[in-house]
Structure formats: C-alpha cells, structure tokens
Amino acid sequence: MKKFFIAPIRGYQYISKMLPASCRYYPTCSEYAAWQFAFNAPHRALAASSLRILRCNQLFAGGIDYPIVRFTPPNITKSLDINGFYGKIKVVYWLVPKEVSRSLYYVIKDFNAISDPIHPRHPA
C-alpha cells in the first residue's frame, strides 16, 4: 500500500532533477512526503505533506524540518530476540525522540545506508 502512494512522488523526483532546486526546506518537500507515507497512515501523511507544501513559499523562512511520526517502541526483550534471529540489521532511518514522553519522533534518514527499500541507491 505504501508503494502506491510513494510511486508518484518518486516519479516527480525523477522529473524534478532536471529543474532548478526550489524547495526552502531540508529534506525537500517530496522527500518529506515520501518519508511521511513510509511511516504514517495515508490520511495523516497526506495532511502533513499538504501542510508542508503550503508552507514552502516566500512567506516562510524554510530550514530544517524533519517529519514527525507517532511510534511506540517495542519491549527491549523482544528487540533482543529479533536481533538474535535475523542477525545484523541495516539501519536506514533513525527515530529521534521529539519530547520527553517519547511518543513523537523525528524521522532522520541515514544516507550512508547500503540499501533503502523505498529509494534504492544506484551505483554511480
């Protein structure tokens, strides 16, 4: 289901590489939308992405604006079992707590990751 929403965004990103950069934010609005659809329910991702696109104009300063998602961390004992069963895990995204209650997290992408299921890296 996520691929259904992310595919048009990736198509836009492919075409927009030929145009001059114009986004006032980091990550770009299209990358922000892709991350939102990867981590949130479609209705929340659509709302957050739409608000971000509306903010991407001359009236706002821009800057760094990472997506914020709701996440409940798994129990630590379950994490240990998963690591033992699957082996070493490749980290593509980091979830950094936004507040003390640790229910809202910033999504930060590790661009040095070897593979990304949403946006695979191609050899140069």
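Predicted model: local features only at pLDDT ≥ 70, side-chain atom pairs only at ≥ 80, totals over all residues.
1. Residues are numbered from 1 along each chain as its sequence is written, and side-chain values use heavy atoms, with hydrogens and water left out.

2. Let us begin with salt bridges (a side-chain nitrogen of Lys or Arg within 4 Å of a carboxyl oxygen of Asp or Glu). The count by this rule is four. One of them joins E31 to R10, with 3.2 Å from N to O. Because E31 sits in helix 2 (residues 29-39) and R10 in helix 1 (residues 2-16), this pair ties together parts that are 21 residues apart in sequence. Helices (H or I, at least four residues) and strands (E, at least two) are DSSP runs, numbered from the N terminus.

3. Which residue forms a salt bridge with E31 at 3.8 Å? That residue is K109, and the value is the distance between the closest N and O atoms. E31 belongs to helix 2 and K109 to strand 5 (residues 104-109), so the pair ties together parts that are 78 residues apart in sequence.

4. E31 is buried at 9%, R10 is buried at 15%, and K109 is buried at 10%.

5. Now look at R55 and D65, whose side chains meet in a salt bridge with 2.6 Å from N to O. R55 lies in helix 3 (residues 42-55), while D65 is in the loop between strand 2 (63-64) and strand 3 (68-70), so the pair links distant parts of the chain, 10 residues apart. R55 is partly exposed at 24% relative accessibility, whereas D65 is buried at 18%.

6. Finally, the axes of helix 1 and helix 2 come within 9 Å and cross at roughly 170 degrees. Axes are lines fitted to C-alpha atoms, for helices over the stretch in contact (heavy atoms within 4.5 Å), and angles run from 0 to 180 degrees between N-to-C directions. Helix 1 is therefore roughly antiparallel to helix 2, a label for angles over 145 degrees. Among the residues that meet are F5 and R10 in helix 1, and E31 and F37 in helix 2.

Technical notes. Buried < 20%, exposed > 50% of the residue type's maximum accessible area, 1.4 Å probe, protein only. Parallel < 35°, antiparallel > 145°, perpendicular 65-115°, else oblique.
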